[in-house]
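Happy to walk through this one with you.

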Amino acid sequence: MTTQTKIALVGSGPAALFALEKLRQNPNTTIHVYEQWPFPFGLVRYGVSPDHQGVKNIQRNLARHLAADNVRLLGGITINKHISVSELRQHYHATLLGIGAQIDTTLNIPGENLPQVHGSSRLAGWYNTHPDHIRPPPLAPKVALIGQGNVAIDAARVLLLDHGDFNGSDLGQQPTRQLRPQPVQEVAMLGRRGPAEAKFTTPELREICRLKGVRVEFEGADMESVKQRLDSLDEAQFPTSAEFRRVRGNLQAILQSLEEPNSGERLLRFVFGVRPLEFVADGDALAGVRCARTAPDNGRWRDTDEQFTEPCGFAVTCIGYRAAPLEGVPYDDGRGIYPNENGRIADGLWSVGWCKRGPSGAIANNRKESHAVAEALLAEVGGGDLPPIDDLLAARDIRPVGWEQWLAIEKAEERQASEDRVREKFTSAAAALEVLK
Ligand SMILES: Cc1cc2nc3c(=O)[nH]c(=O)nc-3n(C[C@H](O)[C@H](O)[C@H](O)COP(=O)(O)OP(=O)(O)OC[C@H]3O[C@@H](n4cnc5c(N)ncnc54)[C@H](O)[C@@H]3O)c2cc1C
Ligand SMILES: NC(=O)c1ccc[n+]([C@@H]2O[C@H](COP(=O)([O-])OP(=O)(O)OC[C@H]3O[C@@H](n4cnc5c(N)ncnc54)[C@H](OP(=O)(O)O)[C@@H]3O)[C@@H](O)[C@H]2O)c1
């Protein structure tokens with residue numbers, strides 16, 4: 001590799017910053033990190049729920065990479081809007097996309113466009129004060145969540161949490177005002193398969209089964225059937241032993257919750273074996289979700305003839321995400337990712353994280369893959385003179401938010417927090433930029 005290899009890294013979420021961890025170790029490399037918001041860290045800031053500050057603290061580790069000498073943060077620049085991918089490729093020896101998957105997958109069923117049906121990015125964005133999702137959701141006493149993964153668990157926990165439990169969190173003033181009167185009394189989490197097929201992880205399931213003031217019920221999973229399923233689990237039939245342990249742990253957690261049920265005024269129902277067919281309106285309001293019961297049939301879960309309507313006034317789909325298409329970048333419309341081979345999309349164009357492989361994996365799961373992609377990129381990247389990006393930025397009057405400026409924004413967020421909160425996030429980029437004047 002020649003001296004002064006210039007790399008553009010797009011996105012500042014965990015996948016991009018784990019790649020940065022590797023890239024920055026090469027002293028001949030200069031890395032520019034483009035982030036659409038003046039606020040780095042992606043879903044650590046805007047996905048991880050406010051009551052999980054221990055997880056959000058990973059931000060401190062990731063920050064070290066952004067503060068490195070051969071790294072420059074260019075916040076407030078949206079690639080594909082302010083600068084195109086092909087322009088980046090003209091200014092850098094390699095461009096690495098780590099822009100996540102930010103578009104909600106849809107069910108494509110009638111009623112999905114009703115105002116009381118939201119995607120999980122909107123709900124999680126709202127309770128995380130994401131500038132695009134400030135408008136409060138129409139919370140209702142009965143809420144249906146579609147999907148049985150960790151995103152659904154997070155949503156259920158935030159909606160049912162006793163408001164005192166947000167102490168020490170960064171839940172913003174606006175969601176605090178809406179959640180404080182405890183508007184949600186019942187959450188039904190609908191899964192199209194059985195308890196052994198649910199996607200959540202065991203610590204998250206155990207936590208929600210022990211929430212203060214929340215009774216938990218399981219429909220389609222009684223003590224006998226869960227015991228039988230546990231006894232019949234065969235490690236050899238799982239792709240990995242970690243996956244076997246996760247499923248076994250989930251079944252054990254369900255069994256424990258059935259044996260020693262939590263008591264409380266509010267109710268969480270895990271409803272297994274149901275597939276949504278339609279969101280049913282009653283005038284302007286949402287009345288419920290019409291569902292088909294499903295049952296296993298030759299290894300696949302199929303609809304039975306039985307249908308029912310789950311009553312609810314607000315529903316959230318928690319069924320996955322897609323990356324946004326970018327001009328000049330091939331797009332796999334079926335999977336919602338940029339097709340790639342081990343991260344490589346084309347000459348000098350690479351991808352990591354959720355836009356590379358789809359929306360799966362916790363924060364730490366991104367690290368190994370991001371390191372591998374960074375190493376492959378470094379092994380292949382070329383050199384030579386290239387025009388500086390600052391000429392283009394100046395010509396377009398684009399003023400990026402740098403690392404020191406982000407630190408000033410962060411300090412201001414900590415200063416403006418109330419006593420029982422660790423920060424109060426700015427509700428818009430413009431409000432944050434005021435601090436820098
Ligand atoms: C609601 C939710 C909660 C989660 N909670 C947890 C949890 O508690 N614990 C856990 O371990 N994992 C959690 N995860 C999973 C974890 O967040 C992901 O594994 C991880 O964030 C994926 O990283 P990424 O870098 O690919 O994407 P992201 O984190 O989404 O980062 C993408 C970044 O790219 C930026 N970007 C997007 N488009 C552009 C553009 N055009 N130009 C410039 N920048 C752009 C975005 O602003 C963002 O900063 C959660 C996920 C979700 C959806
Ligand atoms: N605390 C944490 O560590 C944490 C928190 C949040 C997220 N995360 C991670 O982030 C990743 C994404 O989480 P996620 O919850 O969005 O995804 P997920 O784990 O893949 O769960 C998605 C759920 O949606 C269901 N689903 C998908 N398409 C559907 C459809 N058309 N109709 C009905 N149901 C459908 C899935 O059912 P099927 O299984 O039948 O497809 C599954 O129950 C996961 O790896 C997760 O662990 C981690």
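The questions below concern a predicted model, and each answer sets a value against its criterion.

Q: Why is F41 called buried?
A: The cut-off for buried is 20 or more other C-beta atoms within 10 Å. F41 has 23 C-beta neighbours inside 10 Å, so F41 counts as buried. As for its place in the chain, F41 sits in the loop between strand 2 and helix 2.

Q: What makes the phi of F41 worth a remark?
A: The phi of F41 is near 95°, which is a positive value in a residue other than glycine.

Q: How do you know whether the radius of gyration agrees with a compact globule or departs from it?
A: For 437 residues, a compact globule would have a radius of gyration near 22 Å; the protein chain has 23 Å, so the value agrees. Along the principal axes, the C-alpha atoms fill a box of roughly 70 × 50 × 40 Å. Of the 437 residues, 44% count as buried.

Q: How is the protein chain divided into domains?
A: There is domain 1 (5-102 + 322-435), and there is domain 2 (106-317). Their C-alpha centres lie 31 Å apart. The contact takes 17 residues from domain 1 and 22 residues from domain 2. On the side of domain 1 that touches domain 2, the residues divide into 4 nonpolar, 6 polar and 7 charged.

Q: How do you know where ligand 1 lies?
A: Domain 1 (5-102 + 322-435) and domain 2 (106-317) both give residues to the shell around ligand 1, so ligand 1 lies between them. That shell holds 33 residues, and the closest are G11, G13, G42, G100 and G353. Helix 1 gives the largest share of the shell around ligand 1, 3 residues. By class, this shell has 16 nonpolar, 15 polar and 2 charged residues.

Q: What places ligand 2 where it is?
A: The shell around ligand 2 also takes residues from both domain 1 (5-102 + 322-435) and domain 2 (106-317), so ligand 2 lies between them. Of the 23 residues around ligand 2, those that come nearest are G147, G149, N150, V151 and K199. Here helix 7 gives the largest share, 4 residues. The class count for the shell around ligand 2 is 8 nonpolar, 9 polar and 6 charged residues.

Q: Which residues touch the most other members of the largest nonpolar core?
A: Of the 57 residues in the largest nonpolar core, they are L9, A19, L20, V33 and L96. The largest share of this core, 7 residues, comes from helix 1. A second, separate core has 55 residues, A144, F218, F279 and F314 among them.

Q: What is L9 in contact with, leaving aside its neighbours within four places in sequence?
A: The cut-off for a contact is C-beta atoms within 7 Å. On that basis, the partners of L9 are A16, A19, L20, I31, H32, V33, L96 and G98.

How values were computed
Residues are numbered from 1 along each chain as its sequence is written. Chains are lettered from A and ligands numbered from 1 in the order in which they are written. This is a predicted model: local features need pLDDT of at least 70, side-chain atom pairs count only at pLDDT 80 or more; totals for chains, interfaces and linings use all residues. Domain bounds come from an automatic or database domain assignment. Two residues are in contact if their C-beta atoms, placed from the backbone, lie within 7 Å. Ala, Val, Leu, Ile, Met, Phe, Trp, Tyr, Cys and Pro count as nonpolar, Asp, Glu, Lys and Arg as charged, and the others, Gly among them, as polar. A residue is near a molecule or strand if its C-beta atom, placed from the backbone, lies within 6 Å of it. Helices (H or I, at least four residues) and strands (E, at least two) are DSSP runs, numbered from the N terminus. A nonpolar core is a set of buried Ala, Val, Leu, Ile, Met, Phe, Trp, Tyr and Cys residues joined through C-beta atoms within 7 Å. A residue is buried if 20 or more other C-beta atoms lie within 10 Å of its own, exposed if 12 or fewer, and partly exposed in between; C-beta atoms are placed from the backbone. The radius of gyration is taken over C-alpha atoms; the globule rule is 2.2 Å times the number of residues to the power 0.38.
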